Amino acid sequence: MTSVFRSMLGYGTIISDRVPRSAQPEQSRTLRRGVLATLATCVALGVVYQSFGRNSKAALPQLEAIDASKSNVLPISKEIYRAGVLFSEMSCKLSPRVTPENIDDYRDNLGQIWGSACGLNRGVFTLADYPGKTFTCGVLPQEWNAPNGVADLFAGGRDPKADLEYLGMYLGGVFNTTAGIGPSSCDFKGVAQLWCGEHRHYPWRFTPWAKLLGNKPIRGVNVGSLFVLEPWIAPGFTEWGDDIRDQYTYCVSGNQTDDEKIKALEHHWATFYTEEDFKLMSEYGLNVARIPVGWWYFGEAAGLDPKPYFVPKNDIQTDLDHPITKVIRYAQKYGIQVILDLHGAPGSQNGLDNSGIRSMDPIAERWGDHWFYEQKYRDDTVKILGVMTHYINMLNKNNIDNVIMLELMNEPWVFGDMSIVRNFYIEAITKIRKINSTLPMLVCDAFRHEEWHWLLRSRGFSFDNVYMDTHLYHAFNPSDVASDNPHDDMMKQITASNMACGYGSLLRYKTCSSLPTLTGEWSLAIDDCMKFLTGSTHSANQFKDFGQCKDLESRTTDQWTTLVKDFSRRQRAVFEKELGWIFWAWKVDDVANKDISAKYWSYTKAVEHEYFPKDLEKEPKVVLACDHPVDMTTVILPPPSPPAAAAAANNVQLNSKFDQDLDRLDRDLVNEIKVENKLELKPDFRNS
């Protein structure tokens, strides 16, 4: 979880845009032009698609039926519903929480809707009930009695019930006129929601574990750095640096004897998490723990040599005192369900320290290539998952039945070929289903989003009881973290809170277009300032200083506490409308706890700072937190930095040769006018 790429969400963003254009090689610029040309073609095709129309059912072409008796695949009418819903069956509906009685509470939301939606689709939209007509925000159906367009809606003296119906028609019309459906197609500032059927509306209600959680969404924490060491979570474990940067290099390092290293690991497994941790989780109202493990713990049982990794002496398939089993038993004792997560796969699926072995390749795009492009490592990963399934069966036979899901692999590398990941998932699920026919499984999206709709419509993906894991952070990309003064820090926090609500439409889209989605990792951080967070090495450390860490001490006021608490609630509001959430992480070690940023990554520390309640069960309804944007009338911003303040006072800043030339031309023009007309004009007339 230590990567500047971790929150590359692809939310309306092309990855190459993360690189400054001036820094991109010519072939990248050529590729960009090609992508734009392709997009233009897609838009044109989208217009053709719209002419068949989600608005004109009679014009839809009839698909040829597949004769199942002559094919080894499912009939398409069944196949497509295994994963995502078809775009033509999605709709954008007004939220039922918006009523004629409370519409005044949504005035700010409406203003933002008109400011953004009115510019979509060239500013036009169509309505199914008005064939042959095209409308804009300024030209609405005559029956709406709004000659001035949307500005008339909800004005004094109008019927709010009728206007609410018109608003719903407007939102649906804009959605249906959009050429390509994506994560932001039904993003209307909290007053609308993407609809794709009852079973994907609050989908946690229909999961096999819903009753075990008291008919509540997943509210969990990650048991980070217990079985897969991460330097930033456990900086006190060893002397991390270039030579020791992950669990692999710790095991092969020469600074201790093998016996000393084994004893250190055994002590860590026995003491970093204890029964008391799971007791406290339960008291806080948490109901799930995600336990990341490395492949090496199951290596011998799979016929693979775990060396050089050190593993417990206990037989994981028979000994109920094995450290992993012991932790699962602690969880069971206090009613905590478990997601067993293969965090580190053979060969490393992402080249990060959280996979067990960190890549030192200076080209980040190549991290994870061994796993992606060498069949052996993918085959070995399938073997490991088979053994993990047998392990879960063994636990069930011994009445340790609180493992509700197996996660097939954590965070395949974002730059890898997702079709390879999809095919691996199909192979792994097929094997697991032969060992346990009902075990729920979790597949990770690798920070990729829209393509999973068509990837999972592959004819090979026809599985029940499979769910999607996505990880949403605000702490790694330059666009997330960059700020170099207290004023910008606070604005960054407010922006992150509003963005968190915007991710609700992304999650809704993922649940509708691919699989019901769990946010399996997230935090309260808006920067990457925690020591070792981006790696303990100097040569491969991804940290870039934008000034984001120099004013952390100023974030200790009551106002900051209120803002971070609001950030916590807004993130959970959108997560709990899908399958739920698992915070990263439950805790960090004593050394890391002294870091000023620990409170944004450690759930226990965050509770101490009141960012989370001490009992989630007693918290006011969190799903309402995103109904409105952050109320700026309650925020007192620090003054802008001196350069910004000076720029505001002068009203203009000549930062470029272009501006200087323009200013010179203005003066020349003024002088000419003075000479010809004998007028006294101010040289800065363009700003007067």
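I began with Tyr-603, which at 0% relative accessibility counts as buried. The model I am reading is a predicted one.

**Aromatic pairs**

I searched the whole structure for aromatic pairs and got 44. I looked up the pair Trp-586 and Tyr-603: the ring centres are 6.0 Å apart and the planes meet at 20°, so I logged the pair as stacked, since planes under 30 degrees apart count as such. This pair joins distant parts of the chain, 17 residues apart. Trp-586 lies in the loop between strand S12 (580-583) and helix H16 (590-593), while Tyr-603 belongs to helix H17 (residues 603-608). I checked Trp-586 for burial as well, and its relative accessible area is 0%, so Trp-586 is buried.

Which residues do ring pairs link into a cluster with Trp-586 and Tyr-603? I listed Tyr-284, Trp-522, Phe-575, Trp-581, Phe-583 and Phe-612.

I also noted a charge over a ring: the charged end of Lys-587 sits 4.9 Å from the centre of the Tyr-273 ring.

**Helix H15**

I took the span of helix H15 (residues 558-575) next. From first C-alpha to last, its 18 residues reach 26 Å, close to the 26 Å expected at 1.5 Å a residue. I then went through H15 for burial and found buried residues including Trp-560, Leu-563, Val-564, Phe-567 and Phe-575.

**Nonpolar cores**

The largest nonpolar core has 134 residues. I asked which members touch the most other members. They are Phe-298, Tyr-391, Leu-408, Leu-524, Trp-601 and Tyr-603. Apart from this core I found another, of 38 residues, including Leu-110, Val-150, Leu-171 and Phe-175.

I followed up Leu-524, leaving aside its neighbours within four places in sequence.

**Asn-485**

Is Asn-485 buried or exposed? I put it down as buried because its relative accessible area is 6%, and the cut-off is under 20%. The side chain of Asn-485 makes a polar contact of 2.9 Å with that of Asp-484, and it reaches the backbone nitrogen of Asp-488 at 2.9 Å. Beyond its neighbours within four places in sequence, I found Asn-485 in contact with Lys-550, Asp-551 and Ser-641.

Key. Residues numbered from 1 in each chain as written. Predicted model: local features only at pLDDT ≥ 70, side-chain atom pairs only at ≥ 80, totals over all residues. Heavy atoms only, no water. Phe/Tyr/Trp six-rings, centres within 6.5 Å; stacked < 30°, edge-to-face > 60°. Helix = DSSP H or I, 4+ residues; strand = E, 2+ residues; numbered from the N terminus. Buried < 20%, exposed > 50% of the residue type's maximum accessible area, 1.4 Å probe, protein only. Lys NZ or Arg CZ within 6 Å of the ring centre and 35° of its normal. Expected span 1.5 Å × (residues − 1). Core = buried A, V, L, I, M, F, W, Y, C linked by side-chain atoms within 4.5 Å. Contact = heavy atoms within 4.5 Å. Polar contact = N/O pair within 3.5 Å; in protein donor to acceptor, adjacent residues only side chain to side chain.
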